[in-house]
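Have the structure open while you read.

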Amino acid sequence: KVTIKGIERELICPACKELFTHPLILPCQHNVCHKCVKEILFAFEDSIADGGSESSNQSSPRIKVSSSSMDRIDRISRSGTKRNSLTPRSSLFPCPGCQRDIDLGERGINGLFRNFTLETIVERYRQAARAAIAIMCDFCKPPPQESTKSCMDCSASYCNECFKIHHPWGTLKAQHEYVGPTTNFRPKILMCPEHEMERVNMYCEICRRPVCHLCKLGGSHANHRVTTMSTAYKTLKEKLSKDIEYLISKESQVKAHITQLDLLLKETECNSERAKEEASQSFEKLSHVLEEKKSAALRAIEASKNLRLEKLQTQAEEYQGLLENNGLVGYAQEVLKETDPSCFVQTAKQLHVRIQKATESLKSFRPAAETTFEDFVVDIAKQEEILGDMSFHSNGLEIPEINEEQSRMYNKALISWECPGKTDSADIYVLEYHKLNREEESVTWQEIEVYSRSKVISDLDDDSSYVFRVRGYKGSICSPWSREVILRTPPAPVFSFLFDDKCGYNSEHLLLNPRRTSVESRAGFPLLLGSECMQVGCYTTLDYIIGDTGIAKGKHFWAFHVEAYSYLVKVGVVSSNKIQKLFHNTHDMTSPRNEQDSGHDSGSEDAFFDSSQPFTLVTLGMKKFFIPTTPAAPKDPASRILPLPSCLGICLDCDKGKVGFYDASCMKCLYECEVDCSGIMYPAFALMGGAAVHLEEAVTAKYGEYHDDI
């Protein structure tokens, strides 16, 4: 038999810290009061109008939102809209139970189920807590009598007499379901929140929630695996019963663990006091060092002050003597009164030297000491930064390392890191970054708290370098900072497109994946049939494909991968007024080495080939990148061949009429040339033999995942 008062902690709402009132089941399987859900989402929407201030997020005294959730509240509130009804419109909700961002779907609160089972248990708990307070009859004339039963169909409580009056024998009301006195009235049939007129009769095993037959036929659960409600009820009840029986059978083990935990509590108290004492001693040592440095600095300033005052005072007295009837001048005037030549000469010689020095000092006056104390300014910038980073360091917490291969800089920045031991020993990570600017002496780090080992960062400036570092935290203990990694953003905004499967697409030679993000050329039977034309010279065919979206103006960047086994691939841009010529010129390479009217067999045919193309392309193949022949290109052919980057990027500037080819892994420009942008420009690709090109996928922000334990 379960003591109802022993389960109180399971009946407390994690948002308001009070007993549940009309609890709703979130997709993460945690429960929150209906009123709390609305108030939290309303607070998010209000924060949009108030600029996301902290005060607006705590407008309701009922909700206790932790300070660590404020950044998440401000971020999530941007996805909502301003309140214009009694129902909040935000689709994301920060679950106070698991601290994750939960997607409520298009219907928001209206798509959540009410947990009637939990509501019933809460009501039983309340009745046990107020056993002395009786529930009165709702229909008695004053004074009302104590109720003896409650009708679940009428949602009302009755005494014996009133129940007989309102539920006479032989009527439909006599068949109503009645229970003991209660204030918790729930519907007899659980209705679907998406289809309000349908009762739930199935259970979705994918979403782990009850659904109706309309949800299965054409709703959001159409392709999901479902089972009957009776089967789900039987299965879940058997699992829950077995788990409960197992826990009850381990009661002695649980008690032993409780005893051990009591000892650990006492040990934790003792160890915490010892740690406090050690921390206090460390800060006292640091304070003692600072006091000594402070005393030494003040003594040095005081000594310098006294020396300077002495020099300036002596200089002032000397200049005071230059005044008439004072000091040196007054003494000289008295010497001039001497009439004996020998005595005058004896005294005047030394006096004249002093008068000359005084005269020279008047011509070039300079104070005997400086009044500023710039040499005594204490530079504490580095020490202040060190003190700001001072925290508890632990040898057991591994230093995370940013994985540059898994990190990406594209439309957004994806920063990934890992621990050397391959174990996630930290509870939370702090990722810091700042824009690299050589001119700025001091930098301001942007800080983000991350609960996983990767983070997507938006709103970075184009064509800029950023410095990233990360550290792990486990409670109040943190690891040292990781090695700083510099990554560069693309030179222009990212341009999104797919391969065009209609305009000039040769389905016999090229193979597109269903998403149209990859294209493959196979050196198969069609190429062998084309080789019949190869009597003399070189006669080859390139298969072309373009992007499904064009560019009319501005500066844009896109990236892609070329498979290492690719024999020949050409990439670049083509103008809309040359596309027709492009696809009608299928046999596009005829080497002039073997033409009868060529007249030469030198390497200058490369320049002829490049200049004759109706588009701007560069050649890739056999793990190499070939720089086209231009007057500015190196004369040595070997110096025009570079290793093929793992990811290649193209930057088209329609306003300046330039196209650049980049190593997208480091955003280094490999080759740039002018291009005619008079028409609409399209990304262009050409493949021959065995080759494949994969478009770089855009970086998308992933919201926090949650796990079901049922």
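Predicted model: local features only at pLDDT ≥ 70, side-chain atom pairs only at ≥ 80, totals over all residues.

**Nonpolar cores**
- Val571 belongs to the largest nonpolar core, which has 47 residues.
- Along with Val571, the residues with the most contacts inside this core are Trp558, Phe560, Leu652 and Phe685.
- Strand β26, covering residues 555-562, supplies the largest share of this core, with 5 residues.
- Apart from that one, there's another core of 24 residues, including Leu24, Val32, Cys33 and Val37.

**Aromatic rings**
- You'll find 14 aromatic pairs in the structure.
- Take Phe661 and Tyr671: their ring centres are 6.1 Å apart and their planes meet at 25°, so this pair counts as stacked, the cut-off being under 30 degrees.
- Phe661 sits in strand β33 (residues 658-663) and Tyr671 in strand β34 (residues 668-674), so the pair ties together parts that are 10 residues apart in sequence.
- Are these two buried or exposed? Both Phe661 and Tyr671 are buried.
- Elsewhere, Phe139, Tyr158 and Phe163 come together as one aromatic cluster.

**Charges over rings**
- Arg308 lies over the face of Phe373, 4.3 Å from the ring centre.
- Arg469 has its charged end over the ring of Trp481, at 4.2 Å from the centre.

Terms used
Residues numbered from 1 in each chain as written. Heavy atoms only, no water. Core = buried A, V, L, I, M, F, W, Y, C linked by side-chain atoms within 4.5 Å. Buried < 20%, exposed > 50% of the residue type's maximum accessible area, 1.4 Å probe, protein only. Helix = DSSP H or I, 4+ residues; strand = E, 2+ residues; numbered from the N terminus. Phe/Tyr/Trp six-rings, centres within 6.5 Å; stacked < 30°, edge-to-face > 60°. Lys NZ or Arg CZ within 6 Å of the ring centre and 35° of its normal.
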